[in-house]
Amino acid sequence: MRQVFIYLLVSILFSCQASDEKKEVIEKPKEIIVGAEQTETYLPLLKDKKVGLLVNQTSQIKGKHIVDSLYALGVNIEMIFAPEHGFRGDEDAGAHVKDAVDPKTGVKIYSIYGKNKRPSPELLKQVDIVLFDIQDVGCRFYTYISSMHYMMEACQEANIPMLVLDRPNPNGMYIDGPVLKEEFTSFVGMHPIPILHGLTVGELAKMINGEKWLRSEEECDLTVVPVKNYDHSMAYSLPVKPSPNLPNDQSILLYPSLCFFEATPVSIGRGTDFPFQVIGYNNKEMGEFTFTPRSIKGAASNPVLKGEQCFGEDLRKVAKGGLNLSYIIKWNEQFKKTNNESVISKKKWMDLLSGTDQLRKQIEEGKSEKEIKISWKSDLDNYKSMRNKYLIYTDFK
């Protein structure tokens with residue numbers, strides 16, 4: 001009888017252990033697999049083709065640059081196209097990107113940032129397909145999506161297919177901001193979408209096609225390789241910094257809100273080890289936190305207020321993401337008290353970043369964040385309805 005009892009007890013213990021192990025397996029989230037990692041899906045599209053790549057430092061396959069990976073797999077890489085910040089992502093914002101040669105593969109690199117924002121028809125005649133693989137951060141004024149737009153136009157006009165390898169949007173759970181008005185179209189805002197658009201680059205490419213936003217109004221021959229095991233509610237930590245001044249998750253979350261300060265004399269940390277995570281000005285009345293911007297090669301050669309002690313606030317531990325207007329509103333109020341003028345000194349640049357002049361005027365008039373956001377609700381509702389047509393992934397609740 002004692003042996004039977006021991007047998008039953010051991011059986012129950014093993015059963016409980018197995019049940020716990022099974023529960024662990026069930027609850028463990030599936031690994032996100034970006035488009036670039038799914039080589040078995042898109043390599044057949046590149047076979048025996050002369051390939052052009054629009055890529056940068058974020059274009060990685062398991063820690064290895066996609067150029068190196070595809071080259072090792074025997075893909076015929078004819079040329080590389082470099083967007084803002086360059087092929088290796090080591091150029092200042094707005095800095096001229098030069099043509100070059102990739103030292104590892106010997107492939108020619110052509111800049112599409114600066115004077116020529118799209119490749120010439122003559123250049124594209126040398127390739128059979130263009131592959132786009134760049135990590136975006138989900139903001140309308142982040143220029144990688146503008147480069148994607150121009151490449152789609154060039155491919156459509158040259159009758160060349162374009163392949164987009166999709167990646168998650170680290171701000172993909174947010175849809176917010178004024179929808180761009182046509183008269184404020186620029187390289188930092190090419191589409192009638194809000195600042196936080198809630199799309200991956202693959203979804204946006206589909207929208208550009210479907211809404212006929214290319215200049216010919218004809219569709220680009222587009223293929224998107226979707227991300228596996230992803231939806232828009234998921235937080236996503238980028239394995240590689242997408243540009244020199246977005247070094248971590250916190251800077252990426254704050255970027256939509258702090259980018260407005262680019263139209264002011266105020267520093268948002270360019271030239272420090274924490275860009276887009278602090279706000280400061282060379283006036284002691286602006287706050288207790290201090291920092292001094294310096295020249296940093298490849299990130300901030302000549303930052304705002306270089307060499308001057310700045311006083312303000314440290315946002316490195318602020319958890320809130322999305323579009324937070326309280327920063328620019330508060331600093332505008334403080335600036336008026338100490339300097340007797342609006343903090344927004346570059347009005348045209350502010351309007352281009354905003355996609356409208358209404359936001360600037362509302363801030364200068366002293367409107368609250370709630371009042372401002374109510375004013376763009378109707379446009380946002382219309383955008384969300386349009387957006388639903390192009391979603392590849394399950395939307396957030």
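Tutor: A nonpolar core is a set of buried Ala, Val, Leu, Ile, Met, Phe, Trp, Tyr and Cys residues joined through side-chain atoms within 4.5 Å. The model under discussion is predicted.

Student: Which residues have the most contacts inside the largest nonpolar core, and how many residues does this core have?

Tutor: The largest nonpolar core has 111 residues, and Tyr42, Phe81 and Leu131 have the most contacts inside it. Helix H5 (residues 144-158) gives the largest share of this core, seven residues.

Student: What is Leu131 in contact with, leaving aside its neighbours within four places in sequence?

Tutor: Contact requires heavy atoms within 4.5 Å. With those neighbours left aside, the partners of Leu131 include Tyr42, Leu46, Val55, Ile66, Leu70 and Leu165.

Student: What makes S5 and S9 the edge strands?

Tutor: Seven strands form an open sheet with mixed pairing, in the order S5-S6-S4-S1-S7-S8-S9. S5 and S9 each pair on one side only, and they are the edge strands.

Student: Which helix lies across S7, S8 and S9?

Tutor: Helix H6 lies across these three strands and runs at about 160° to S9. Lys206 is found in helix H6.

Student: Why is Lys206 called partly exposed?

Tutor: Buried means under 20% relative accessible area and exposed means over 50%, with partly exposed in between. Lys206 has 30% relative accessibility, so it counts as partly exposed. Leaving aside neighbours within four places in sequence, Lys206 is in contact with Leu222, Val224, Tyr390, Leu391 and Ile392. The C-alpha atoms of Lys206 and Leu391 are separated by 8.7 Å, although the two residues are 185 residues apart along the chain.

Student: Why do the side chains of Lys104 and Asp68 count as a salt bridge?

Tutor: A salt bridge needs a side-chain nitrogen of Lys or Arg within 4 Å of a carboxyl oxygen of Asp or Glu. The N to O distance for Lys104 and Asp68 is 3.6 Å, so the pair meets the criterion. Lys104 lies in the loop between strand S5 (100-101) and strand S6 (108-111), and Asp68 lies in helix H3 (residues 66-72), so the pair ties together parts that are 36 residues apart in sequence.

Student: Are Lys104 and Asp68 buried or exposed?

Tutor: Lys104 has a relative accessible area of 60% and is therefore exposed. Asp68, with 13%, is buried.

Student: How do you know that Lys389 and Glu211 meet in a salt bridge?

Tutor: Their side chains meet at 3.1 Å, N to O, and the limit is 4 Å. This pair links distant parts of the chain, 178 residues apart: Lys389 is in the segment after helix H12 (377-387), and Glu211 is in the loop between helix H6 (201-210) and strand S9 (222-225). At 54% relative accessibility Lys389 is exposed, whereas Glu211, at 24%, is partly exposed.

Student: Which residue meets Glu262 in a salt bridge?

Tutor: The side chain of Arg270 meets that of Glu262 at 2.4 Å, N to O. Both Glu262 and Arg270 are buried. The whole structure has 19 salt bridges.

Student: Which residues of helix H9 are buried?

Tutor: In helix H9 (residues 347-354), the buried residues are Met350, Asp351, Leu352, Leu353 and Ser354. Helix H10 (358-364) is included in what covers them. Just after H9, Gly355 takes a positive phi of about 80°.

Student: Why is the count of disulfides zero?

Tutor: A disulfide requires two cysteine sulfur atoms within 2.5 Å. The sulfur closest to that of Cys139 belongs to Cys259 and is 7.6 Å away, too far for a bond. For Cys220, the closest cysteine sulfur is in Cys155 at 5.3 Å, also too far. The count comes to zero disulfides. Cys139 is buried, with a relative accessible area of 0%, and Cys220 is buried as well, at 4%.

Key: Residues are numbered from 1 along each chain as its sequence is written. This is a predicted model: local features need pLDDT of at least 70, side-chain atom pairs count only at pLDDT 80 or more; totals for chains, interfaces and linings use all residues. Side-chain values use heavy atoms; hydrogens and water are left out. Buried means under 20% relative accessible area, exposed over 50%, partly exposed in between (1.4 Å probe, protein chains only). Helices (H or I, at least four residues) and strands (E, at least two) are DSSP runs, numbered from the N terminus. Two strands pair if DSSP finds at least two bridges between them. Axes are lines fitted to C-alpha atoms, for helices over the stretch in contact, and angles run from 0 to 180 degrees between N-to-C directions.
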